[in-house]
2 protein chains.
Amino acid sequence: MELTGRKMKILAAIVDAYVATGEPVGSKLLALDLGVSSATIRNEMADLVEMGLLEQPHTSAGRVPSQKGYRLYIDRIMERKPISQAERLYLDGLLHSTAYDPERLLDNASQTLAGVTKFAAVSTSPSGGLADIRAVQFVQTSRRTAMIILLSSAGTMKNRVFRCDFDLTPEILRIFFRVINEKTAGMPVSGITPAFIQSFAASLGEMTILMSSALMALLEVAQDSLETDVCLNGQMNLLFYPEFERGNARRVMDFLERPQDLARLLLEQPGSVHVLVGRESQRPELSESSVVVARYAIDGHDAGAIGVIGPTRMDYAKLVPSVEYLAQSVGKMLTELMKEE
Amino acid sequence: MELTGRKMKILAAIVDAYVATGEPVGSKLLALDLGVSSATIRNEMADLVEMGLLEQPHTSAGRVPSQKGYRLYIDRIMERKPISQAERLYLDGLLHSTAYDPERLLDNASQTLAGVTKFAAVSTSPSGGLADIRAVQFVQTSRRTAMIILLSSAGTMKNRVFRCDFDLTPEILRIFFRVINEKTAGMPVSGITPAFIQSFAASLGEMTILMSSALMALLEVAQDSLETDVCLNGQMNLLFYPEFERGNARRVMDFLERPQDLARLLLEQPGSVHVLVGRESQRPELSESSVVVARYAIDGHDAGAIGVIGPTRMDYAKLVPSVEYLAQSVGKMLTELMKEE
DNA sequence: TTTAGCACTCGAGTGTTTAGAGTGCTAAAC
DNA sequence: GTTTAGCACTCTAAACACTCGAGTGCTAAA
C-alpha cells in the first residue's frame with residue numbers, strides 16, 4: 001500500500017495530538033483539522049493500521065502511533081522545531097557556571113537537560129580510552145594524606161586521597177611529582193596497569209617503600225579515568241508520566257541505575273543525533289521508552305554523548321534540536337578548555 | 001485506661017506481624033502466639049484502638065499500628081536487635097575503601113545504608129559552620145586554569161577550577177599559595193565573605209589583577225565548604241513498597257530532591273539516634289514516612305548525621321542499631337582522619 | 001476475667017447493565 | 001474512483017447488585 005501525502009498528514013496529526021494529550025486520537029478530531037469527513041479519515045486510519053504505523057488499544061478506541069509509526073514520523077515527516085534565541089541563552093547561561101571543570105560541566109548539562117525536558121537525562125564523560133596522561137599532581141591534605149590528581153588529554157580530571165605511613169613534606173611530594181611525571185607524562189592512561197605499577201615500583205630501588213601508596217593511588221586514579229562516568233539526573237521526572245504509573249517505572253529505573261549499561265547505550269549510537277524508539281534500543285527494560293542521544297566532540301574528535309530518556313510519547317520535533325544544541329554547547333566548551341592545553 | 005503488660009505484648013505482636021507482612025493483623029493470628037482466645041484479644045484490641053495506639057482500616061479488617069502506636073513501641077516496647085559481628089565486618093569493609101576522603105566516605109555511607117536497609121538513605125557532610133581554614137592549595141590543571149582546594153578543620157575538602165587571563169607558572173601558583181595562606185590560614189571559613197575578599201583584594205596593590213580570579217575561586221570554594229552537602233541514595237528502593245505504589249511516592253520524592261530541607265531535617269534531630277514516625281517530622285510530604293537518624297561526631301564534637309527514610313512500616317528494632325552503628329563507624333573514621341591534623 | 005457463639009459489617013471479587021465513544025461497512029453522492 | 005452520510009456494531013468505563021469470607025463486637029455462660 002502506498003503512503004500518500006494525506007496519510008502522512010494524518011499520521012503527523014495523530015502523533016502531534018497524541019503527544020500533546022496522551023489520549024488515543026479519534027477520527028472526528030482530525031476531520032476538523034484536515035477538512036475532510038471523519039469517515040474518510042477512518043478509511044485512511046484503517047490503512048495506516050494495516051501498514052503497522054498506527055495501533056488501536058481496543059476496537060472502539062481512537063488510534064495511537066505504533067513504534068514504527070513514530071519511526072516514520074521522525075525520519076520523514078516531522079519538522080524540527082528549532083530552539084529559540086532565548087532558549088539558547090538560557091541554556092548557555094546555566095552551563096556557563098561550570099565551564100572550567102569537565103566533570104561538573106557534564107553533570108550540569110544533564111541536570112539542565114532534565115530540567116528543561118522534564119525527562120530523565122544522561123551524560124557521559126569524555127571517553128578516556130585513548131587519552132594520554134597530561135600530568136599527575138600531588139597536594140598535601142593532612143599530615144599523612146595527600147591527593148593525587150590525574151589530568152588526561154581527554155580533559156578528564158580525577159583525584160583520590162591516599163595515606164602514607166610517614167609524615168609528608170613538600171619535598172616528598174615534589175619527589176612524587178617528579179618521579180611519576182618523568183615516567184608517565186605522555187603515556188596512554190590505559191598503560192597504567194597493575195603490571196606497569198609493579199615494574200615501576202621495582203625500578204625505584206630504595207624509594208619503593210616511600211612511593212608505594214602513591215603508586216597504588218596512581219593505579220586507582222588511572223582506572224577511574226578510563227571508566228566512562230555517567231551522570232544521571234531527573235529520574236524522578238518519569239514518575240509523572242501516566243506511562244510509568246504502575247510498576248512500569250521500576251523496570252526503567254532498574255536500567256537507569258546501571259551506569260555501565262547506560263554508558264554503552266549512549267555511546268553505541270551513531271551520528272550526531274540519534275533517536276531510539278522503544279524496542280529499537282534492544283533493551284527490554286526500555287521497550288516502552290524512547291531515547292534521544294546527541295554526541296559531543298572535543299576539538300573535532302568524538303568524545304561523549306548526552307541524551308534524554310522518557311516514554312515513547314515525547315515531542316521528538318522539539319527534543320531533537322534541544323539535545324543536539326546542548327551537546328554542541330558542551331563540546332564547544334570542552335574544546336575551548338582543551339585548546340589552552 | 002491502663003496499658004497493661006498484655007496490651008503491650010499485643011501491640012508488640014501487631015507491630016511485628018504488620019511490619020513483616022504489610023497486612024492488617026487479625027485477632028486469630030495473635031491468639032495462637034499469646035495462648036489466649038481470639039475473643040480476649042479482640043477485647044484488648046478494642047481498648048488499644050480507643051487509646052489511639054491501633055487503627056482499623058475498616059470495620060471488618062484487622063488492626064494496624066497507628067503512628068502513636070509505633071511511637072510507644074519504639075519508646076517502651078521494642079528490643080533493639082543488635083547487629084551481628086558479621087554485619088559489622090561487612091559494613092566496615094564497604095566503608096573502608098573510601099576511608100581517606102570525607103566526601104566520598106559519606107556518599108559511600110549513605111549508599112551502603114541504602115543497600116542494606118532497602119530504604120532511601122541520606123548523609124550530611126561534616127558541618128562547616130564553625131570550621132577554620134586549615135590550608136588552601138593550588139594545582140595547575142592546564143595552561144591557564146588551576147584548581148583551588150580548601151581544606152577545613154571540619155575535614156571537608158572542596159575544590160574548584162578557575163581560569164586566569166594569563167599563563168600560569170609554578171611561580172605564580174606559589175605566590176597564590178603564599179599570599180592566600182598567610183592571610184587566611186586559621187581563620188573561620190565563614191569569614192570569607194564578599195566583603196572580606198574585596199578588602200583582601202584592595203590590600204594587594206599591584207597584585208590585585210593577578211590574583212582576582214583566584215580570589216573569586218576562594219570565595220566560591222569557601223561558600224561551598226559552608227554548605228552542608230547532602231548525599232541521597234536508594235530513592236528508587238521506595239518504589240518497591242506498596243505504601244508508595246500510587247502517586248504517594250511523588251510527594252516523598254519531591255521532598256528528597258530538596259537537599260536543604262533534607263539537611264535541616266537530619267540536623268535538627270537531637271540525641272545520638274532519633275526516630276521520627278510519620279507526622280512527627282512536621283513535614284507534610286513525610287506524613288506517611290518514617291525517618292531514622294543518627295548523628296556522628298568527629299573527635300567528640302557533633303558533626304553531621306546519617307539516616308534512612310521509608311514507609312512508617314519499617315523494622316525499627318533492626319534499623320535503629322544499624323543506623324547508629326554506621327554513624328559511629330563514620331565518626332570514628334573521620335576522627336581518625338582528623339587526628340593526623 | 002475469659003471464652004464460645006453468633007449476628008453483623010465491610011471490602012474484594014464477580015457478574016450485569018448502561019452510556020458513550022469510536023469504529024467498519026454500505027450505499028448514495030460527487 | 002473517491003468521498004461522505006448513515007447506521008449497526010464493538011468495546012470500555014462506570015454504576016450497581018450480589019456473594020463470600022475475614023474479622024469484628026456483643027452477650028451470656030464458664
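Helices (H or I, at least four residues) and strands (E, at least two) are DSSP runs, numbered from the N terminus.

## Basis of the model

This is a predicted model, in which local features need pLDDT of at least 70 and side-chain atom pairs count only at pLDDT 80 or more, while totals for chains, interfaces and linings use all residues. Residues are numbered from 1 along each chain as its sequence is written, chains are lettered from A and ligands numbered from 1 in the order in which they are written, and side-chain values use heavy atoms, with hydrogens and water left out.

## Domains of chain A

The domain assignment, which is automatic or from a database, divides chain A into domain 1 (5–77), domain 2 (85–126 + 229–340) and domain 3 (133–226). Taken over C-alpha atoms, the centres of domain 1 and domain 3 of chain A are 61 Å apart.

## Helix α2 of chain A

Helix α2(A) covers residues 27–34, and S27(A), L30(A) and A31(A) in it are buried (under 20% relative accessible area, with exposed meaning over 50% and partly exposed in between; 1.4 Å probe, protein chains only). Seen down the axis of α2(A), these buried residues fall within an arc of 110°, so they line one face of the helix; the arc is that of the directions from the helix axis to the C-beta atoms.

K28(A), L32(A) and D33(A), on the other side of α2(A), are exposed. The cover over the buried residues includes α1 (5–21) and α3 (38–50) of chain A, where contact means heavy atoms within 4.5 Å. Just after α2(A), G35(A) has a positive phi of about 70°.

## The surface near DNA strand C

There are 20 residues around DNA strand C, and S27(A), R63(A), T40(B), T59(B) and S60(B) come nearest; a residue is near the strand if one of its heavy atoms lies within 4 Å of it. The surface holds four nonpolar, twelve polar and four charged residues (Ala, Val, Leu, Ile, Met, Phe, Trp, Tyr, Cys and Pro count as nonpolar, Asp, Glu, Lys and Arg as charged, and the others, Gly among them, as polar). Of the DNA strand C atoms within 4 Å of the protein, 75% belong to sugar or phosphate and the rest to bases.

A side-chain N or O atom of R63(A) is 2.8 Å from a phosphate oxygen of DNA strand C. A polar side-chain atom of R42(B) lies 3.4 Å from a base oxygen of DNA strand C. The elements that give two or more residues to this surface are α3 of chain A and α3 (38–50) of chain B; α3(B) gives the most, with four residues.

How values were computed:
A polar contact is a pair of N or O atoms within 3.5 Å; within protein, one must be able to donate a hydrogen and the other to accept it, and residues adjacent in sequence count only if both atoms are side-chain atoms.
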